[in-house]
Amino acid sequence: MVGTKIQNEFLSTNFMLHNETAERLFHSVAKPLPIIDYHNHINPHHLAENRKFDNISELWVTGDPYKHRAMRINGIPEHLITGNADPKEKFMQWAKTVSYTVGNPLFHWSALELQRVFDVNDILNEQNAEEIWQHCNKVLQQPDFGAADLIEKCNAEIICTSDELLDDLTNHAKPKIQSRKFKVSPSLRCDLVLVFDHTSCEYYKKITSSTGVAIQHLNDLKTALLIRMGYFESQGCRLADHAIDSGFSFSLPTDKQAETIFEKVLRSEILTAEEVIQIRSHLLVFLGTEYGKRNWAMQLHVGAQRYTSSRLRSLVGPAGGYAAVGKACDIASLCSFLDALEKENNLPRTVLYTLNPADNEAFASLTGSFAQDGIPGKIQFGPAWWYNDHLEGMRKQLTSLASYGLLPRFIGMTTDSRSILSLSRHEYFRRIFCNLLGEWVASGDLPDDALLLDKIVKDVCYNNIKNWFTI
């Protein structure tokens with residue numbers, strides 16, 4: 001153990017639990033439940049090979065855009081964040097930044113991850129960084145601290161990775177993974193199909209190489225997509241995901257109009273803004289229809305302003321931690337999309353995430369707009385996502401859902417993270433959720449009924465998402 005400097009209630013046994021009801025609900029009910037992380041960006045190859053990490057920086061800093069963003073704000077030069085600097089130097093720069101994350105969930109997460117995985121009871125800073133570096137690296141050399149070992153230590157039951165249309169999914173089925181206590185399932189991320197710019201024709205060549213389908217017409221693209229969806233399904237995929245950037249506009253063209261627009265794409269012609277919306281809408285309906293036919297669940301991540309700094313985009317790629325909160329969703333467009341699927345009886349179970357908290361009430365209310373007989377919670381207002389997965393953001397998401405929908409039908413937390421250690425966010429969420437229920441009991445807004453409360457906690461933290469997968 002490194003030090004014992006954490007004082008008072010911070011990260012104590014009852015961290016974030018402020019009354020006896022909250023304490024009982026967390027320790028006796030929520031804490032023992034397995035984790036189903038239904039959306040993350042963990043590398044399945046690392047899990048299949050049980051990758052051993054040479055140092056804490058490789059595991060904890062190198063691939064985490066949350067940390068990279070904080071380090072940039074703190075003025076750390078980019079080559080010490082995502083460049084080719086020594087891993088130890090990157091860790092030291094993160095150590096310089098941690099104290100400045102007070103009030104940001106990174107402060108809580110960092111302390112929680114170091115304590116739970118490495119038995120570190122200090123708050124990381126410049127003064128103790130060398131000691132913690134040495135200690136964590138020594139721990140990582142133990143035989144049971146590979147990538148899959150760490151997932152197992154978190155009591156994970158299912159890990160759903162995010163996989164691009166053309167990804168090879170053989171890692172998900174490797175014997176080393178199949179013998180584990182947890183299951184790794186792929187989910188289809190089809191965003192590149194909805195990009196219509198100078199890169200489109202090159203991407204279609206890759207699709208042709210993968211499927212054998214020459215893409216000369218819109219129906220050829222659809223045929224290729226069906227082939228890839230069939231492959232994903234054969235590998236256990238039951239989830240799809242789309243990043244719907246800032247706003248969300250939907251305008252459904254006729255089939256003939258869609259074909260005409262796609263012909264322009266194949267000729268590498270520049271589309272108008274309206275044409276881009278129309279061809280995306282057409283393909284979204286095609287994809288959503290296929291998800292519904294396969295009984296997959298569809299996830300829509302709405303509201304990120306991903307195009308901010310051209311400099312950072314060229315340096316670190318499209319997911320480098322520099323995106324911003326975008327404008328609120330065009331709810332009429334979202335409803336038109338969901339309605340187009342429902343009218344043909346092909347609306348899949350759907351999770352709606354928003355990066356803009358101004359959408360909270362609208363998304364919560366939509367859980368009651370496209371209900372279906374016999375499927376509790378068919379439309380889900382997803383957990384507080386990305387910049388919202390902090391203490392107040394989680395509380396706002398939960399209270400909005402409780403006010404406008406059915407909180408006990410909520411499918412709970414997911415990490416949406418590239419970091420294996422981020423599974424500790426399930427504990428973070430469960431503490432916040434149990435404390436919220438405890439507050440409601442203490443104020444007299446909820447009865448102190450153990451049967452009622454225990455069932456809500458078990459359902460939200462585990463049973464609902466488990467049942468959602470088996471509908």
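How many residues line the second largest pocket, and which of them lie nearest its centre?

Analyst: Bear in mind that this is a predicted model. The second largest pocket has 26 lining residues, and R116, K153, C154, S424 and E427 are the ones nearest its centre. The space in this pocket comes to about 500 Å³.

Rolling a probe the size of a water molecule over the atoms shows where empty space is left. Searching the whole structure turns up three cavities of 30 Å³ or more. The largest cavity has a volume of about 70 Å³, and α18 shows up again here: along with β1 (35-40) and α19 (450-470), α18 (424-442) gives two or more residues to the lining. So who's in that lining? By class that makes nine nonpolar, two polar and one charged.

The second largest cavity comes in at about 40 Å³. Its lining consists of Y353, P383, A384, W385, W386, D389, M413, T414, T415 and D416. Here the classes are six nonpolar, two polar and two charged.

For a part of the fold that is well covered, turn to strand β4 (residues 239-244), where six of six residues are buried. L239, D241 and A243 point one way from the strand, A240, H242 and I244 point the other way, and both sets are buried. β4 also has strand partners. Strand β3 (residues 183-189) pairs with β4 in the parallel sense over two bridges, and L188 has A240 as its bridge partner in β4. Strand β5 (residues 297-302) is likewise parallel to β4, with six bridges between them; there, L239 is bridged to A297 of β5.

Methods
Residues numbered from 1 in each chain as written. Predicted model: local features only at pLDDT ≥ 70, side-chain atom pairs only at ≥ 80, totals over all residues. Heavy atoms only, no water. 1 Å grid on protein atoms, 1.4 Å probe; cavity = no way out; pocket = protein on both sides within 12 Å on 5 of 7 lines; lining within 4 Å. Points joined across faces, edges and corners; volume = space filled by probe spheres on them. Helix = DSSP H or I, 4+ residues; strand = E, 2+ residues; numbered from the N terminus. Nonpolar A, V, L, I, M, F, W, Y, C, P; charged D, E, K, R; others polar. Buried < 20%, exposed > 50% of the residue type's maximum accessible area, 1.4 Å probe, protein only. Pairing = 2+ DSSP bridges.
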